[in-house]
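Biologist: Before we get into the terms, could you put the sequence and the structure up for me?
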Amino acid sequence: MARLSKLLGPDGRPVDYDDIFGPPKAGPTLTGVRQPISGHPADGLTPSRLASIHRAAATGNPLAWFELAEDIEERDSHYLSVLGTRRRAIAQLPINVEAASDDKEHVRHKDFLVEWLKEGVLELALFDMLDAIGKGFSVMETDWESTPEAVLPKCFDWRPQRWFDFDFTDGETIMIAEGVTREPLSAHKFIVHRHKAKSGLTVRSGLARVASWSWM
């Protein structure tokens, strides 16, 4: 793998190559906490059970809530259609890049991004990023590719919300769930999109939280 002599992040500090080019940080595991198989709390759902799922999510245990939000999408064709219409309407919009100024360096930056956008990596990821509409947030893990000329995202991998938790201190910082522990998201490795249907904590801001009562 080619290595550039220096790669700086937005803060001007050198980027840790092992951090961005290492194995996936939040990939699935068969025996660990990030299993591809999900539970189905919608089975036999009652008002009291739904209330307890909402309460648990708001107090730091959102697993059942994220599973339920996915269940609702799979079991309500109208809800899925409405979400899909919103997501596709945005994902299909043209992406335009403008230079910050007429400075040659800024124009070069713009041209660089325009060329990368032609590869369709971002375009393909937008639909998954907009999964935040229903659940309040989405997380995409970046798979970086290094060439002698540049370091660019090769793809953005969607990660299920149920593989993440929120920091207990502020209730907003998204962290990787590692059993009873939480790991911070590595810099330059993840894209987090938040979509607030209402003000408040991210875990309570998705459309699914309101729709769940009508759906039940």
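**Strands and cores**

Modeller: β3 and β4 pair in the antiparallel sense, over three bridges. Keep in mind that this is a predicted model, where local features need pLDDT of at least 70, side-chain atom pairs count only at pLDDT 80 or more, and totals for chains, interfaces and linings use all residues. Residues are numbered from 1 along each chain as its sequence is written, and side-chain values use heavy atoms, with hydrogens and water left out.

Biologist: What makes β3 and β4 a pair?

Modeller: Two strands (DSSP runs of E, at least two residues) pair if DSSP finds at least two bridges between them. β3 and β4 have three bridges, so they pair. In one of these, Phe166 has Ile174 in β4 as its bridge partner.

Biologist: Why are β3 and β5 called edge strands?

Modeller: The open sheet runs β3-β4-β5, and β3 and β5 (181–184) each pair on one side only.

Biologist: What makes a set of residues a nonpolar core?

Modeller: It's a set of buried (under 20% relative accessible area, 1.4 Å probe, protein chains only) Ala, Val, Leu, Ile, Met, Phe, Trp, Tyr and Cys residues joined through side-chain atoms within 4.5 Å. The largest one here has 34 residues, and Trp65, Leu68, Phe137 and Phe164 have the most contacts inside it. The helix α3 (63–75) is among its suppliers, and α3 gives the most, with five residues.

Biologist: Which residues does Trp65 touch, leaving aside its neighbours within four places in sequence?

Modeller: Contact means heavy atoms within 4.5 Å, and Trp65 is in contact with Ile53, His54, Ala57, Val203, Ala208, Arg209 and Ser212.

Technical notes:
Buried means under 20% relative accessible area, exposed over 50%, partly exposed in between (1.4 Å probe, protein chains only). Helices (H or I, at least four residues) and strands (E, at least two) are DSSP runs, numbered from the N terminus.
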